[in-house]
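Subject: Structure handover

Hello,

Here is the structure for your work. My notes on it follow below.

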Amino acid sequence: MDALVQMQGLVKRIFVILGTILIIILIAFIFHVIQTNSFNSMDREVTAESVTMEVTTDIHPRGLVTDAWEKNDAFPDKVINAKIYEATITNNSKCLLTDWRLRINIKEDCYLNNAWNGVIEVHQFSDKEKVQVLDLRNYDVEDINLDYYLAGQDLLIPLKKGDYIVYYPDDSPSSAELPLKSTKDYSGQANIGIIMYSLSGDVDLSDFEMIYHIHKSYFAGLSGKIYLFLLPSWIGLMAVGGIIAWIILGFEGQLIVQKHMLDDTFNLCAIVADAKDYYHRDHSKNVAKISKQIAEQMGMDKNDCEAIYYSALLHNIGNYAVPEKILSKATKLNDEERKIVHMHTVKGAYLLEEVKTIPHAAEAAMFHHERYDGKGYPVGKKGEDIPLIARIIAVADAYDNMNREKMYRKKYTKEEIIEEFKKNSGTQFDPNIVDVFLRIIDGIEE
Ligand SMILES: [Fe+2]
């Protein structure tokens with residue numbers, strides 16, 4: 001039973017430790033989430049001048065001017081030349097690149113002809129500002145409200161210094177730019193393309209800025225992976241711990257009820273043992289308490305002290321066999337009556353042999369009237385041949401008898417009790433136990 005109680009204590013302590021660690025992990029994770037959200041919502045910018053390792057953008061021509069790209073059908077008096085420009089966006093952030101918008105400021109006269117891998121927002125400032133978002137891979141000329149020219153099948157949107165275009169990804173699944181997660185760790189590269197016409201074929205697109213966000217997963221990086229492992233494992237541990245604690249606590253509840261039932265039963269036996277003599281009421285309970293205090297003072301462990309308490313509580317259970325008229329007799333007992341009284345030890349021990357859960361209870365009942373000098377009853381055991389528990393109960397029993405009024409005498413004063421113990425130490429009582437008892441006598445409750 002005690003082993004089970006100890007195990008319950010251990011399980012509770014483990015559960016408390018696991019719960020505390022889980023709370024710490026959760027608090028740390030909440031801070032991690034707040035920190036990650038703050039990181040993800042931060043506005044970031046990259047320009048031709050500001051180079052970062054996180055995300056880089058580079059706009060450069062692809063290929064050379066060719067005859068095929070020379071247009072002479074657009075305007076009667078001039079020939080314009082085309083060039084493909086690419087903007088390479090490289091994501092080295094190990095996070096998802098989101099919400100990027102690349103603004104290219106136009107520095108000289110040119111014509112926007114085509115663009116791909118995204119949509120483009122054109123801002124013209126010819127007389128008043130004209131703005132339109134276009135998908136130049138798929139448009140209807142009638143919908144265009146910007147200034148434009150048509151040269152055969154080619155659309156030419158004139159741009160001049162001060163105009164600008166904004167390139168950003170569309171929502172189409174075929175769009176290759178968003179999110180830039182071409183590899184498993186979200187790093188990657190995308191190219192957007194533009195075809196520009198100009199008189200010389202070279203257009204200066206070096207004035208640009210890209211605004212973007214990057215999105216980090218809560219479980220990315222080393223710390224995220226630690227949380228990904230720790231959180232479910234710890235919650236799993238807590239669940240298992242909770243089930244174990246629930247089972248063990250159920251046992252504990254049963255044990256408490258059983259202990260109360262045991263206490264009630266033994267107290268009832270003690271009341272019955274003392275019931276035949278009015279002047280002995282609560283005697284067994286007092287002897288039990290004092291015996292336990294002596295055992296504690298002697299340094300015995302908790303289990304032995306408990307066993308001594310219950311043994312002392314039942315030490316006079318054999319009184320059931322002694323007639324009330326003898327037990328409560330006010331005058332001196334005759335030999336026959338004395339023999340009957342002495343038999344309460346043997347009768348009690350006989351009963352308590354059946355109580356296996358209290359070690360030495362039978363010995364306590366049998367030998368609590370033995371004397372240290374061997375002149376006691378029922379056997380006449382001497383010295384340390386008398387079981388220790390019986391020697392302890394003998395002292396407690398004598399104290400409670402002296403400390404109560406009897407039909408034929410008043411109760412002893414404390415000084416008289418101490419004197420009596422000193423006088424009989426080594427004859428009636430074990431002198432070592434008398435020494436221990438006299439050290440705690442002041443603490444004994446009335
Ligand atoms: Fe007794």
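How many bridges join strand E2 to E4? Eight bridges link E2 (residues 55–62) with E4, and the two strands run antiparallel. Before the rest, the ground rules. This is a predicted model, in which local features need pLDDT of at least 70 and side-chain atom pairs count only at pLDDT 80 or more, while totals for chains, interfaces and linings use all residues. Residues are numbered from 1 along each chain as its sequence is written, and side-chain values use heavy atoms, with hydrogens and water left out. Helices (H or I, at least four residues) and strands (E, at least two) are DSSP runs numbered from the N terminus. Two strands pair if DSSP finds at least two bridges between them.

Strand E4 and its neighbours

Arg-62 has Ile-84 in E4 as its bridge partner. Strand E3 (residues 70–75) also pairs with E4, in the antiparallel sense and over three bridges. Here Phe-75 stands opposite Lys-78 in E4, and a hairpin of two residues joins E3 to E4. Strand E4 (residues 78–91) is mostly covered, with twelve of its 14 residues buried. Buried means under 20% relative accessible area, exposed over 50%, and partly exposed in between (1.4 Å probe, protein chains only).

The six-stranded sheet

Six strands form an open sheet in the order E1-E13-E5-E11-E7-E8, with antiparallel pairing. Its edge strands are E1 (44–47) and E8 (130–134), each of which pairs on one side only. The twist averages 15° from one strand to the next; the axes are lines fitted to C-alpha atoms, for helices over the stretch in contact, and angles run from 0 to 180 degrees between N-to-C directions.

Going through the pairs, E1 is joined to E13 (residues 208–215) by four bridges, antiparallel, and Glu-45 has Ile-211 in E13 as its bridge partner. Seven bridges join E5 to E13, again antiparallel, with Leu-96 partnered by His-215 in E13. Strand E5 (residues 96–105) also pairs with E11 (residues 164–168), antiparallel over four bridges, and Ile-104 stands opposite Ile-165 in E11.

Glu-121 lies in strand E7 (residues 119–124). Is Glu-121 buried or exposed? Glu-121 is buried, at a relative accessible area of 14%. Its side chain makes a polar contact with the side chain of His-123 at 2.7 Å. A polar contact is a pair of N or O atoms within 3.5 Å; within protein, one must be able to donate a hydrogen and the other to accept it, and residues adjacent in sequence count only if both atoms are side-chain atoms. Not counting residues up to four places away in sequence, Glu-121 touches residues including Arg-101, Val-131, Tyr-164 and Ile-165 (contact means heavy atoms within 4.5 Å).

Helix H6

The 18 residues of H6 (residues 335–352) should span 26 Å at 1.5 Å a residue, and the end C-alpha atoms are 27 Å apart, which agrees. The expected span is 1.5 Å times one less than the number of residues. H6 has a kink of about 30°, centred on His-344; the bend at a residue is the angle between axes fitted to the seven residues ending there and the seven starting there. His-344 is also among the buried residues of H6, which include Glu-337, Val-341 and Leu-352. The cover over the buried residues of H6 includes helix H5 (324–327) and helix H7 (361–367). At the start of H6, a side-chain oxygen of Asn-334 reaches to within 3.1 Å of the backbone nitrogen of Glu-336.

Regards
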